[in-house]
Amino acid sequence: MPDPLRADVRLLGAMLGTVLEQYGGPELLEDVERLRRAVIDVRGARADDAAVAELVAAWPLERADEVARAFTVYFHLTNLAEEHQRIRSLRRRDDSAGPPRESLADTVARIREGEGEERLTELVDSMEFRPVLTAHPTEARRRAVATAIQRISLLLGEFNDPRNGSAETSEIRRRMLEEIDLLWRTAQLRSTKLDPLDEVRTAMAAFDETIFRVVPAIYRALDTALDPAGAGLRPALAPAFVRYGSWIGGDRDGNPYVTHQVTREAISIQSEHVLRALENAAVRIGRSLTVAEESTPPSADVAGALAAAQAAQPALLAQLAARSPQEPHRQLLLYAAERIRATRERDADLAYRGPEELLADLRTVQESLAGAGAVRQAHGELQHLIWQLETFGFHLAELEIRQHSAVHARALAELRAGGDRSAETEEVLATLRVVAWIQDRFGVDACRRYVVSFTRSADDVAAVYELAERAMPAGKAPVLDVVPLFETGEDLAASPTVLDGMLALSPVAHRLESTGRRMEVMLGYSDSAKDVGPVSATLRLYDAQANLAAWARRHGITLTLFHGRGGALGRGGGPANRAVLAQAPGSVDGRFKVTEQGEVIFARYGHGAIARRHVEQVGSAVLLASTREVRERAERAAERFRALADRIAESAHRSYRELIDTEGFAAWFAQVSPLEEIGELRLGSRPARRSAARGLDDLRAIPWVFAWTQTRVNLPGWYGLGSGLAAGGDLEELRAAYAEWPLFASLLDNAEMSLAKTDRQIAARYLALGDRADLTERVLAEYDRTRELVLRVTQHTRLLENRTVLSRAVDLRNPYVDALSHLQLRALKALRAGVADDAERVRVQKLLLLTVNGVAAGLQNTG
């Protein structure tokens, strides 16, 4: 472990120990230490885990609760210490002689050398990265807990500042102890369920604190890489290539709490936040833009804009002129800030009609400054504001609507039949009316994509267009780009046929004509993996991408594939940049759109340095994946290893389906895991199931993955791969595929990560709760097979041997996660056996949920 990280972990751990001792006396700290030592001894083969189970079982419930909280808080502190270490590592890389690996500067240099300046310019000008924030309930921490951790994180940064004197260090230490004590005393579990607007406001914190400021820094890095000598002295070469989207407040698939009123309020909250941010930036830059008229004479356009402003708002212009005499550029920029404020406050006399008007004013100031020789002022901070406006507009993120195809079918059937309308149908129509209102208020780009879950035919797409026409007066229907979402293995295979049917729809043809033949298709990773298993889903998604890319080329369509990837490996998660490079050749082509879900939002956007690294890595991967060299290499590998991959996928799929199709599997899964109890965590506004059915088919992918994570089995991330690799045959051919084919390498690397977070010994204890020796034996045998063959193919002597940082993090956490798992097993056993006393059952359930929360923090994975 690096010395700075070791010092931070020890410091925070010691402070937590002080808090525990002051709260519960030395006995509480000793009990925590006894359990810590016991699980470490088991890991070191110096003790049997039965002794740990006995220790945990002997405590009163109140003490078990306190110990669980202690380990959970410890994980929160360890996580922030590791975040600080990651930031230190990023800064060290930035200080190295050459550009950091996977940075935009590194990628630009590689493409310039390999494909030439003209191709580089073409790739940069066309690149798009569209992250879509979603409210999928995978963030287990309460917002109060996350905020407390953030305060401790800021203090840790101050504590490690070498400029501190002893008095400052002492005061920071006192404040850290105060905050850790507060974190300990803060309830870890939510007492009330989140509503969708809570989720919207939570996401806004990431925008306010990080995203708005990071985006121009990323563009500046690209601009500098393209022309280091001219950066800040010439018009920007880097386009604003990031466009954020959001499902938060728009995704109503199976969530009855997302209504048309919620959608309307969600976009209003977003707009409030972005307009405040733009106003503050315009005020800050305007106040500092003190260039005098004498040294920097304004252009005729600036003079004309001020004259028009004077005619429209004489009192305001007089005030600005008095504050900024002989500073016309400053006056016009501060006037723009006032107009942004008026837009936010809906003052029609002064407000901008849209972001295009504001952009025109900013360009007028920029061009005047450059024309007068003040190029640094023209292309410095003012360019950052222009980039922010181009990225976020007045709506911050495009709000996307999602609904299940069956809901549309029922609504349309009712409307065609006439008669009374159900509440569900009225809500569908009201939602489409809100989309029209959003477009009228904020512009078409604020809300025009409508995602249809479980699209099975072109009729599912046509239904949305017909409903939109029925919802509004003639000629007033909103502009819609209906996006089909293909989720199951069967639907993925049929996707090109569905798109053929879409081309015959007149609304689709009209949109293609209006957009320059651009179309979007969404691929669902979560449900496909739950349906056919992780290995088969990976290959089927790859095939779907290849088939859809070929379909688009045949029809002259610019296709964007929207990847519905989760945070967990069982839902298509893993490093985003590697995922981009593993896509089917030609399917990226300069554009990548992906969901950023739950805990992933704060893991990737919680700190500026980490957010910048994430976006740079993805942007770099998008550029590289679009190069001829990378595409041709992937094509050769796919052709060479395709037969091998098919053998692996067929056997893996058979193994997976045999398991989950076993009679009684669903009931067994619910028995051996905290599946049903997870709903009590109140992670988000959305129910865990799409309906009241209790089978696996109706279970959402998030609780499916989350529950398996809690059992330390992590089955959705690897099950079936061992059987697949065994059927693959030739070990040397498997190793060649791993070395040469990014898709296969990504599959094995992600499985290896999932296996590393699996603990066989503890997993066996969970599986035994179901009293089905046949299922337990099958799961553990597949784990052993998968682990052995993954190591043989990768030629690693241990899991994550080539991932030093990740391996260290997993090794650091695993013993402490073991402690929480034993506490969870105690609670789960009691609940499965039945607790007669109501009050005691409530306490046992609380202990279970505390441990669920703690394991999620320890493994840094929920769903």
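Mentor: Begin with a definition: helices (H or I, at least four residues) and strands (E, at least two) are DSSP runs, numbered from the N terminus. By that scheme, Gln-824 belongs to helix α35, residues 804-833. The model is predicted: local features need pLDDT of at least 70, side-chain atom pairs count only at pLDDT 80 or more, and totals for chains, interfaces and linings use all residues. Residues are numbered from 1 along each chain as its sequence is written, and side-chain values use heavy atoms, with hydrogens and water left out.

Trainee: Is Gln-824 buried or exposed?

Mentor: Take the cut-offs: buried means under 20% relative accessible area, exposed over 50%, partly exposed in between (1.4 Å probe, protein chains only). Gln-824 has a relative accessible area of 0%, so it is buried.

Trainee: Which residues does Gln-824 touch?

Mentor: Contact means heavy atoms within 4.5 Å. Leaving out residues up to four places away in sequence, Gln-824 touches Pro-674, Gln-710, Tyr-766, Leu-848, Thr-851, Val-852 and Val-855.

Trainee: How do I read aromatic pairs, and how many does the structure hold?

Mentor: Rings of Phe, Tyr and Trp (its six-membered ring) pair if their centres lie within 6.5 Å; planes under 30 degrees apart count as stacked, over 60 as edge-to-face and the rest as tilted. The structure holds 24 such pairs. Take Phe-75 and Tyr-816: their ring centres are 6.4 Å apart and their planes stand at 90°, so this pair is edge-to-face. Phe-75 is in helix α3 (residues 61-94) and Tyr-816 in α35, so the pair ties together parts 741 residues apart in sequence. Phe-75 is buried at 0% relative accessibility, and Tyr-816 is buried at 12%. Ring pairs also join Phe-207, Phe-212, Tyr-244, Phe-392 and Tyr-605 into a cluster.

Trainee: What about a charge over a ring?

Mentor: The test is NZ of Lys or CZ of Arg within 6 Å of the ring centre and within 35 degrees of the ring normal. Arg-264 lies over the face of Trp-437, 3.8 Å from the ring centre. Likewise, the charged end of Arg-339 sits over the ring of Tyr-352, at 3.9 Å from its centre.

Trainee: How do I check the length of a helix?

Mentor: The expected span is 1.5 Å times one less than the number of residues. Helix α12 (residues 328-345) has 18 residues and reaches 26 Å from its first C-alpha to its last, close to the 26 Å expected. Of those 18 residues, 15 are buried, so α12 is largely enclosed by the rest of the structure. Just after α12, Arg-346 takes a positive phi of about 60°.

Trainee: In what order do the strands of the sheet run?

Mentor: Two strands pair if DSSP finds at least two bridges between them. Nine strands form an open sheet, ordered β3-β2-β1-β9-β8-β7-β6-β5-β4, with parallel pairing. At the edges stand β3 (398-399) and β4 (401-404), each with a single partner strand, so one side of each has no neighbour in the sheet. β4 pairs with β5 (residues 449-453) over four bridges in the parallel sense. There, Ile-401 stands opposite Tyr-450.

Trainee: How many bridges join β7 to β8?

Mentor: Seven bridges join β7 (residues 518-524) to β8, running parallel. Val-521 stands opposite Leu-561 in β8. Two bridges join β8 to β9 (residues 591-597), also parallel, and Phe-562 stands opposite Lys-593 in β9. Six of the seven residues of β8 (residues 558-564) are buried, so the strand is largely enclosed by the rest of the structure.
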